[in-house]
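Subject: Structure for your review

Dear colleague,

Please find below the sequence and structure that I am handing over to you. My findings follow directly after them.

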Amino acid sequence: MRGKSIARFFIGLILFLFSLIFAFPFYYVFVLATWPGSRVLEFPPHLFFGQGLKENFNILFSRVPYLTNFMNSLGIAVVSTVTAIFFCTMAGFAFAKYQFKFKKQLYQFVIATLAIPGFLNIVPFYKMMVAFGWMNTWLPLVVPGMAGAFGIFLMTQFMENSLPEEILEAGRIDGLTEFGLLMKIAFPLAKPGMAILGIITFIGSWNSFTSAMIFLPNVKKTTLPVALSMLNSRVDNNMGALMLGTALSLVPLIIVFIAFSKQIIAGLTAGAVKS
Amino acid sequence: MKKLQTQSIAPYIFISPFFILFAVFGIFPIGYSIVMSFFNWKLTGPVGFIGFQNYINVLTVDPYFVKAIGNTVVLLITGSLLQHFIALPLAIMVNSKIVKQKEFFKTTYFLPYVTSTVAVVIIFSNLFDTNFGLINYVIELLGGKPYPWLAQSVGIKVALSTILNWKYVGWNMVIYIAGLQSIPVDLYEAADIDGAGTWKKHLAITLPQLTPIIFFAVTLSIIGGMQIFEEPFIMTGGYENLGGDQNSGLTAALYLMFTAFKAGRLGKASAIAWILFIVILFLNWINRIVTNKLAGKD
């Protein structure tokens with residue numbers, strides 16, 4: 001009995017220390033965001049909040065078009081999310097609830113594309129975007145991923161379990177077309193799955209950096225992560241403003257993640273856990 | 001009859017957006033990059049067919065590519081693979097019956113995974129700062145001397161692998177917890193009757209039972225680890241510095257992107273992409289052999 005409570009104490013202690021390691025950088029960036037730029041880097045380093053928040057706000061908003069970047073990120077994330085929900089639910093519905101020729105092979109193909117490294121097509125893709133005149137538009141960030149393989153996988157999994165055949169049959173008897181079944185039955189019943197896919201897509205888009213950096217080089221058109229990296233690499237960068245900008249970019253993410261952590265973790269690891 | 005026909009066409013229409021988009025933005029550029037890799041394609045100027053010259057140059061005369069592959073392998077071991085030795089014990093601990101706040105630990109450990117790389121690197125660059133960083137402060141408190149982490153080649157690697165471990169341990173831990181929960185409880189009960197200790201039980205039951213999941217998780221880490229770009233790119237200040245001191249942060253993917261978007265040598269960059277792809281296939285093949293050996297299958 002004694003041995004057990006000692007083990008319990010040590011496991012608890014280790015897990016607690018690790019949660020400090022994972023949580024501390026978040027706390028730290030919020031602390032630094034409240035110190036004026038000239039005092040962010042000081043010895044000893046700050047562990048508690050300072051009084052430079054207002055100053056940092058002013059500098060941040062004068063150095064980069066922070067609100068514009070925020071709205072760009074938001075807009076791109078919303079459009080990506082809405083289109084992904086629509087197209088992935090549609091494809092998931094087909095894979096989960098229809099029998100058709102080559103279904104298994106086509107599904108396996110969709111899954112297999114997930115293993116293709118992103119860098120393999122980046123060079124010609126870039127030339128294509130230039131040729132299409134899509135530079136400095138949202139399109140390269142939104143269109144290619146509209147019907148993403150991961151989203152299709154997620155929605156297929158979800159619909160297999162949550163959409164009874166009888167309802168579809170009843171819908172057909174009532175004279176619904178196949179598209180009608182999709183709109184009137186599949187979409188409403190798939191809402192919980194769509195919510196998870198939506199949140200995951202939103203987070204992915206919100207965080208995406210490389211494609212935004214390549215295709216939205218203009219500071220006024222670009223997204224929050226790219227604007228932050230521009231601020232970061234400026235010689236005259238103001239540390240307080242940079243920390244505030246970083247902290248603010250994390251606020252929506254942390255709120256959404258803590259509110260839906262169980263569903264987000266389950267959704268993101270669905271593919272790994274399944275196999 | 002009409003009805004039956006729409007029912008047989010509908011699924012193809014429903015899945016068609018993926019295939020159309022993948023053909024245009026996936027297959028076409030991927031195929032085109034093979035073509036480009038055989039040409040001395042630049043951002044501007046005439047384009048000529050040069051056969052395997054890009055590949056030969058990259059593999060034999062380009063000092064940066066060898067360096068970049070070396071850096072990537074070091075980060076693969078100290079970042080992408082090391083994290084499994086942290087994630088699995090953590091998963092076993094969080095999953096054990098005596099731990100109550102399972103959801104709290106999962107949420108806290110997983111949060112770095114959903115955080116943008118830019119934000120993570122900006123925060124860690126601050127923590128690793130030579131003169132004012134918290135890490136050097138703690139080292140000095142413990143009686144050590146401050147170390148110029150981001151200005152020195154070994155320090156850059158340490159900082160990068162710290163970031164990679166910090167960001168992805170939670171992800172792997174969650175996968176391993178799910179794997180642990182799928183192991184039949186009676187296996188452990190039988191071991192209890194035999195009087196096996198905790199260590200022995202994990203070695204004899206947990207590890208072999210988890211082998212397929214370990215293989216899968218490590219495969220994902222290899223695929224991800226070979227593509228590391230954003231972390232070194234932001235940490236070492238963009239393309240210009242080519243990975244910082246002694247190119248220590250120059251990963252293969254960063255060199256690929258540099259070759260394409262800074263040097264403007266699109267053909268050469270395409271060749272690098274295909275060499276990297278083959279390296280990834282090779283590493284995953286090794287991974288398969290190793291995990292099969294571990295599982296006692298030959």
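A:Trp206 is buried in this predicted model, with a relative accessible area of 4%. The ring centres of A:Phe70 and A:Trp206 are 5.3 Å apart and the ring planes stand at 80 degrees, so the pair is edge-to-face. A:Phe70 belongs to helix α4 of chain A and A:Trp206 to helix α11 (residues 191-207) of chain A, so the contact ties together parts that are 136 residues apart in sequence.

A second aromatic pair is found in chain B, between B:Phe38 and B:Tyr55. Here the ring centres are 5.6 Å apart and the planes are at 45 degrees, so this pair is tilted. B:Phe38 lies in the loop between α1 (2-37) and α2 (53-61) of chain B, while B:Tyr55 lies in helix α2 of chain B, so parts 17 residues apart in sequence are tied together. Both B:Phe38 and B:Tyr55 are buried.

Over all chains, the search of the whole structure finds 54 aromatic pairs. One aromatic cluster draws on both chains: it is formed by A:Phe125, A:Tyr126, A:Phe132, A:Trp134, A:Phe215, B:Phe25 and B:Phe261.

I turn next to the salt bridges. The count over all chains comes to 7. In one of them, A:Glu165 meets A:Lys97, and the closest N and O atoms are 3.4 Å apart. This pair links distant parts of the chain: A:Glu165 is in helix α9 (residues 165-173) of chain A and A:Lys97 is in helix α4 (residues 66-97) of chain A, 68 residues apart. A:Glu165 counts as partly exposed at 41% relative accessibility, whereas A:Lys97 is buried, with a relative accessible area of 11%.

A further salt bridge joins A:Glu169 and A:Arg172, with the closest N and O atoms 2.9 Å apart. Both residues lie in helix α9 of chain A, 3 residues apart, which is about one turn of the helix. Why can such a spacing bring side chains to the same side? An α-helix has 3.6 residues a turn, so residues three or four places apart point the same way. A:Glu169 counts as partly exposed at 40% relative accessibility, and A:Arg172 counts as buried at 12%. A:Glu169 and A:Arg172 are also linked with A:Glu178 in a network of salt bridges.

B:Lys262 is in helix α11 (residues 252-262) of chain B, and B:Glu240 is in the loop between α10 (230-235) and α11 of chain B; the pair links distant parts of the chain, 22 residues apart. B:Lys262 is partly exposed, with a relative accessible area of 43%, and B:Glu240 is exposed at 55%.

Helix α3 (residues 53-63) of chain A shows how burial can follow the sides of a helix. A:Asn56, A:Ile59 and A:Leu60 are buried there. They cover an arc of only 100 degrees around the axis, which puts them on the same side of α3(A). On the other side of α3(A), A:Lys54 and A:Ser62 are exposed.

The second largest pocket has a volume of about 2000 Å³. It is lined by 45 residues, and those nearest its centre are B:Leu88, B:Ile92, B:Leu180, B:His202 and B:Thr206. The lining divides into 30 nonpolar, 10 polar and 5 charged residues. At least two lining residues each come from α1 (2-32) of chain A and from α3 (63-95), α7 (153-181), α8 (185-193), α9 (198-225) and α12 (266-294) of chain B. Of these, α9(B) gives the most, with 12 residues.

A:Asn136 has a phi near 60 degrees, a positive value in a residue other than glycine. A:Asn136 lies in the loop between α6 (122-132) and α7 (139-142) of chain A and counts as partly exposed at 26% relative accessibility. B:Gln246, which is not a glycine either, has a positive phi of about 50 degrees; B:Gln246 lies in the loop between α10 and α11 of chain B.

Yours sincerely

Conventions: Residues are numbered from 1 along each chain as its sequence is written. Chains are lettered from A and ligands numbered from 1 in the order in which they are written. This is a predicted model: local features need pLDDT of at least 70, side-chain atom pairs count only at pLDDT 80 or more; totals for chains, interfaces and linings use all residues. Side-chain values use heavy atoms; hydrogens and water are left out. A salt bridge is a side-chain nitrogen of Lys or Arg within 4 Å of a carboxyl oxygen of Asp or Glu. Helices (H or I, at least four residues) and strands (E, at least two) are DSSP runs, numbered from the N terminus. Buried means under 20% relative accessible area, exposed over 50%, partly exposed in between (1.4 Å probe, protein chains only). The arc is that of the directions from the helix axis to the C-beta atoms. On a 1 Å grid over the protein atoms alone, a cavity is a set of points where a 1.4 Å probe fits but cannot get out, and a pocket is an open set with protein on both sides within 12 Å along at least five of seven lines; lining residues have an atom within 4 Å of a point. Grid points are joined across faces, edges and corners, and a volume is the space filled by probe spheres set on the points. Ala, Val, Leu, Ile, Met, Phe, Trp, Tyr, Cys and Pro count as nonpolar, Asp, Glu, Lys and Arg as charged, and the others, Gly among them, as polar. Rings of Phe, Tyr and Trp (its six-membered ring) pair if their centres lie within 6.5 Å; planes under 30 degrees apart count as stacked, over 60 as edge-to-face and the rest as tilted.
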